[in-house]
Amino acid sequence: MARRSLSKTRLLSARQCLKRIHLEAHRPELAVIDAETQQALDAGRAVGAIARRIYATEAAVTIPYQGGLRHALQKSARLLEAGPSRPMFEATVEHGGVLVRVDILLPDGDAWQLVEVKAATRVEPHHYFDCAVQDWVLCGAGYPVSRVALAHVDRRFVYRGDGNYRGMLKAVDVTASARELGASLPDWVRRARDAIAGAAPRVAVGAHCFTPHDCPFIEHCWPTDVAYPLLELPRVGKGKLGQFVAAGFADVRDVPAELLTDTQRRVQRVARSGRAEVSPSIGRFVRSLPYPRYYLDFESVAPPVPIFADTRPYEALPFQWSCHFEAAAGELDHAEFLDLSGEAPFRRVAESLIRALGKSGPILVYSHYERTMLGRLGARFPDLEPALLAIEARLVDLKPIVENGYYHPGMRGSWSIKAVVPSIAPDMQYSELSGIQQGTEASSGYLEAIDPATSAVRKAELEAQLKRYCRFDTEALVRLVHYFGDH
């Protein structure tokens, strides 16, 4: 039986870690694809679709894959052998046991210009190998390539709302680097095949597990069958963590204290004792906060392909807020804003917030994010900037206060609000929310809700989930303040 061709993706996996490609081939069920990884994949598809619009001509042709690999290979060969006369998208070519689908091929005299499209905002080191694989396969199959380019997203591009995305992608010539790396391809193909064919390679964990991307097999390869895995140590380089594993340490409690920072020692100390540590300074600070108190949280979206006029790729844009309000102790109320009309919601976000937050009283947040959002709203709407600056001046960020004075063994090395709140309020579990449970899902949910193709029933479902999720965040802030106020 003939051996299956290696995909470009598999070769990239092999270059990151030979054990990874073995697991992809033999134990794919062990892979864990998180929401952020899925969001990156979705971004790639969205940017790819825009690239085809930018580079298309009336004669351009896209090679469909629906008919299967054989059909795609045959159609690609037929068009490529006819010579470079029209742009081609998703050309499928095989050479030397490696299979690629090329994003874009453009006629360039008697040869082809190869364009690889990335949703990244700059050329990353691993992109050169990506391009090298495609160039090596095309040239090896007998199709001349004059130039290799990588088209990445240009964050300076401003979308005007007219459907025109020309200028959103910046093409960088990477021919020299791709050709240089191409010389090593036969060796990588051999190594990848050997890794798949043999037993799982012995590869020590380390920084490579996270470079250029987090490996989906981290939970399989790293020691996690202990109470407090080393991955829960905060603020430590992945290379150093790998050294700890190599030294035989598996649990946070095992590492000699002299190898740790003060924060890491606190995490270790709490893991060993099993008891939370709460600094009295947090309680004193919280009790000093005057009334009225506001508890604020934003949700935002940062689409790689701008959808609103006068916005840029990946620009974080607020579309929702939740605010709990305490006029006095025990007097809790709530306000919120969410616009799913599909129109740019930013001015209404700002105006509704100004009305809701009054003129005085601390506005409690958890991270610097709300400050960033207010600054961007002020820059977008100069007439509202004085009022937004006044709101910004009232912000009180609880996160650094909690980080410096509180840790619970259940927080698993994280001071995110999703880790802290269940440790003081076990009834508040983000994992029990219906549908949307984290920020990336809120962003995706918003984009789905404003899509004209989304049904009214699904839109109503998403609206309820978005409101509940954002409100949960500000409820969490209230619970934090009340808990620490009693300590």
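Select Ser-7: at 26% relative accessibility, this residue counts as partly exposed (between the cut-offs for buried, under 20% relative accessible area, and exposed, over 50%, with a 1.4 Å probe and protein chains only). Ser-7 is part of strand 1, residues 6-7. Helices (H or I, at least four residues) and strands (E, at least two) are DSSP runs, numbered from the N terminus.

The model on screen is predicted, so local features need pLDDT of at least 70 and side-chain atom pairs count only at pLDDT 80 or more, while totals for chains, interfaces and linings use all residues. Residues are numbered from 1 along each chain as its sequence is written, and side-chain values use heavy atoms, with hydrogens and water left out.

**Helices 1 and 2**

Next, select residues 8-16 (helix 1) and residues 18-26 (helix 2). Two packed helices are described by the angle between their axes and the distance between the axes. Here the angle is about 140 degrees and the axes are 5 Å apart. That makes helix 1 oblique to helix 2. Axes are lines fitted to C-alpha atoms, for helices over the stretch in contact, and angles run from 0 to 180 degrees between N-to-C directions. Angles under 35 degrees count as roughly parallel, over 145 as roughly antiparallel, 65 to 115 as roughly perpendicular and the rest as oblique.

To see the contact (heavy atoms within 4.5 Å), show the side chains of Arg-10, Ser-13, Ala-14 and Gln-16 in helix 1, which meet Leu-18, Arg-20, Ile-21, Glu-24 and Ala-25 in helix 2. By class, this contact of helix 1 with helix 2 has four nonpolar, two polar and three charged residues. Ala, Val, Leu, Ile, Met, Phe, Trp, Tyr, Cys and Pro count as nonpolar, Asp, Glu, Lys and Arg as charged, and the others, Gly among them, as polar.

**Helix 10**

Move to residues 262-273. Helix 10 has 12 residues and reaches 16 Å from its first C-alpha to its last, close to the 16 Å expected at 1.5 Å a residue; the expected span is 1.5 Å times one less than the number of residues. Which residues of helix 10 are buried? They are Thr-263, Gln-264, Arg-266, Val-267, Gln-268, Val-270 and Ala-271. These buried residues pack against strand 8 (277-278), helix 15 (399-405) and strand 14 (406-407). Click on Gly-274, which follows helix 10 and has a positive phi, near 75 degrees.

**Ile-436 and helix 17**

Select Ile-436, in the loop between helix 16 and helix 17. Ile-436 is buried, with a relative accessible area of 4%. Apart from neighbours within four places in sequence, Ile-436 is in contact with Glu-441, Ala-442, Gly-445, Gln-465, Leu-466 and Tyr-469. For a distance across the model, pick Gln-113 as well: Ile-436 and Gln-113 are 323 residues apart in sequence and 43 Å apart in space, C-alpha to C-alpha.

**Helix 18**

In helix 18, select Thr-474. Is Thr-474 buried or exposed? It is buried, with a relative accessible area of 0%. Leaving aside neighbours within four places in sequence, Thr-474 is in contact with Tyr-295, Leu-296, Asp-297, Ser-322, Cys-323, His-324 and His-334.

**Salt bridges**

The whole structure holds 33 salt bridges (a side-chain nitrogen of Lys or Arg within 4 Å of a carboxyl oxygen of Asp or Glu). Show Arg-479 and Asp-427, whose side chains meet in one at 2.9 Å, N to O. Arg-479 lies in helix 18 and Asp-427 in the loop between helix 16 (417-424) and helix 17, so the pair ties together parts that are 52 residues apart in sequence. Arg-479 is partly exposed at 32% relative accessible area, and Asp-427 is exposed at 52%.

Then show Glu-475 and Arg-468, which form a salt bridge at 3.2 Å, N to O. Glu-475 is partly exposed, at 21%, and Arg-468 is partly exposed, at 38%.
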